[in-house]
Amino acid sequence: MRIRMALAGNPNSGKTTLFNALTGSNQFVGNWPGVTVEKKTGKIKSSIKKGKDVEAELTDLPGIYSLSPYTLEEVVARNFILDEKPDVIINIIDGSNLERNLYLTTQLTELGLPVVVAVNMMDVVRKNGDTLDTAKLSEELGCRCIEISALKGDGIEDVVEAAIEEGSAGNPAVPKHEFSGSVEHTIAHIEEAVLHDFPEASQRFYAVKLFEKDEDIRKKLNVDEATWNHISGDIAACEKEMDDDAESIITNERYIFVAGVAGACLTKKGKGQLTTTDKIDRVVTNRWLALPIFAVIMFLVYYISVTTIGTIVTDWTNDVLFGDIIPPAVDGWLTDIGCVEWLHSLIVDGIIAGVGAVLGFVPQMLVLFLMLAFLESCGYMARVAFIMDRIFRRFGLSGKSFIPMLIGSGCGVPGVMASRTIESERDRRMTVMTTTFVPCGAKLPIIALIAGALFHGAWWVAPSCYFVGVAAIVISGIILKKTKMFSGDPAPFVMELPAYHLPTLGNVLRSMWERGWSFIKKAGTIILLSTIFIWFVSNYGFVDGHFGRVEDLSDGLLASIGSAIAWIFIPLGFGTWKAAVAAITGLVAKENVVGTFGILYGFAEVAEDGQEIWTNVAADFATSGAYAFLVFNLLCAPCFAAIGAIKREMNSAKWTWFAIGYQTIFAYCISLIVYQLWELFAFGNFGVGTVVAFILLAVFIYLLFRKPKYDNSRLTIAPEV
């Protein structure tokens, strides 16, 4: 027997924790049909089913607050429930925030489907000294309610058992809440006029949505004009009697019901007293201390992952594993079997040098992902969005714009996709254009390479990269918001802040591994193909009018291409052909910058004194040019995958090219300013480039401080088709 379950709940209610606990590694990740919102489906672990011979499949719906079609997540969740009709819905609610969570529950119980409510965070409820009567809660809601702690794994077996029983029996939830008399009278009229052929259990949901004048439901039910006009008259009469619009009437009465249920079922011991979370928030979200604390935390994250702990393991990986062990072993084996010279070079100087150079930085990435996963799971990153909202709002962005940037710290692609939660088209487009400024995991090898090989592991290099990205976003926000295309007030930002808690080791490690494994897979596919191509075009070229293998890489095709474009980067301090082609190959995947250096500077070789050939990289860069190179690669157009995500989100080739052009030009200008001013103040070098840098700096200052030219109230932007 197969039972399809849907997991629904508010953001920060513990939904992801419960999903991971129930499915473990039996997860399948993809996108919802037609939209780039992540879809997770998994099979319930057999150990949790208590031996029941049932194939239970669980689909994790996006975190939502209601079934109203205001956000993409709500549309996706509602369409899945209405179209796919799962056998049972597991509604996870936060027991410590009962009133907020039960609003969605009142809608789910009207769908005519079996519903099991998993009351999460009961450990927090008990710790606070509160008492929740789940038996009475079940009676008030008309469905089974079970106490759990998803974090500790308490009660999750009972939830699955109840879901299997309810789903197998097909017992729909029986909503107990009733609206006021005139509303119920109108809903009954709607049911009679439109829904008489529908199953009785699901009539109420559709009738309430029609009462709210939900156009999507009207289209779904194919309500003809005459019938719609008839029921619209009834709705208008009810609105007049209640002196409010239909949607507000329903919302208000739901909250009245929810407040009554919470008051009847939950007894609070420390009412009015500050919780531990409140006490911590008084410090970390303080108007004056919040930003410095955030800066210190992110400094420590990058310092630990790149400069200290991560570097210890990465140095071993680069120096020993991909330096003293793998290259000599493979080199000796290929020599012993008599491998042809070109294939020998491809494997040792191409694949091992290129892919090995990238994989060498995986330990640092895993440490970074581990720390970010901990900050996200414990509840601090939600506060960061709240903190940044206060700052971003001054520059024309809302805290919602920072959420994609948090996600983008792992990978730019889901970060760009996360911009869909922003309702304002202008804010969404600007967020898409600036999200990739935040260093993603693929840029970490570049940061580690520059910090290690060219700055001798200086403590400040890696943390500064994060703040360069944030500063680029703030500067871009100020400048772009003063243009006609992006002017307007930032979208409002409302977010529930979860209680602080210590995340489980399994969840943190799973999050770290998912991000790390994605990087490793890219190294085994895209980076592998790229290194083969780079090896070929660097080792082959035209010599004396004939095409063939070259002795010196400077005679290869890649050198010819790099030399043709290297002049562009001379004002930025890295005008060598090797640096130029590394920056260009980074457009395919940012890791290619390191892979390209690995091939061009002979990563697989070992010098006589045992030192890595990375010292040759340092010989081609001054410190000023090295940091400018780093800044350019952090801020310029992202990899092809992220560009593809930008194209999907912009839904316009014109906007996509505008975004790529803006990012690249912005990166070039900032890098030029960094290099030229560094040379001036550190070494006293002054020239034409310095003058250009001061001109660009003056232009930026003017754009930052000029008064807005456009009247926001008169601006409209029609979406492109």
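Let me start with K213, which sits just after helix 8 and takes a positive phi of about 65 degrees. Helices here are DSSP runs of H or I, at least four residues, numbered from the N terminus.

Some ground rules. This is a predicted model, where local features need pLDDT of at least 70 and side-chain atom pairs count only at pLDDT 80 or more, while totals for chains, interfaces and linings use all residues. Residues are numbered from 1 along each chain as its sequence is written, and side-chain values use heavy atoms, with hydrogens and water left out.

Now helix 8 itself, residues 200-211. Is helix 8 enclosed or open? Largely enclosed by the rest of the structure, because 10 of its 12 residues are buried. Buried means under 20% relative accessible area, with a 1.4 Å probe and protein chains only. Those buried residues include F205, A207 and K209. They pack against several helices, among them helix 2 and helix 9 (215-221).

In helix 2, residues 72-84, we find R78. R78 is buried, at a relative accessible area of 3%. Its contacts, meaning heavy atoms within 4.5 Å, include F205, K209 and D214, not counting residues up to four places away in sequence.

Last, the largest nonpolar core. It has 110 residues, and Y302 and F402 are among those touching the most other members. Helix 22, residues 461-481, gives the most, with 11 residues. A nonpolar core is a set of buried Ala, Val, Leu, Ile, Met, Phe, Trp, Tyr and Cys residues joined through side-chain atoms within 4.5 Å. Apart from this core lies another, of 56 residues, and A207 is one of them.

Note on methods. Helices (H or I, at least four residues) and strands (E, at least two) are DSSP runs, numbered from the N terminus. Buried means under 20% relative accessible area, exposed over 50%, partly exposed in between (1.4 Å probe, protein chains only).
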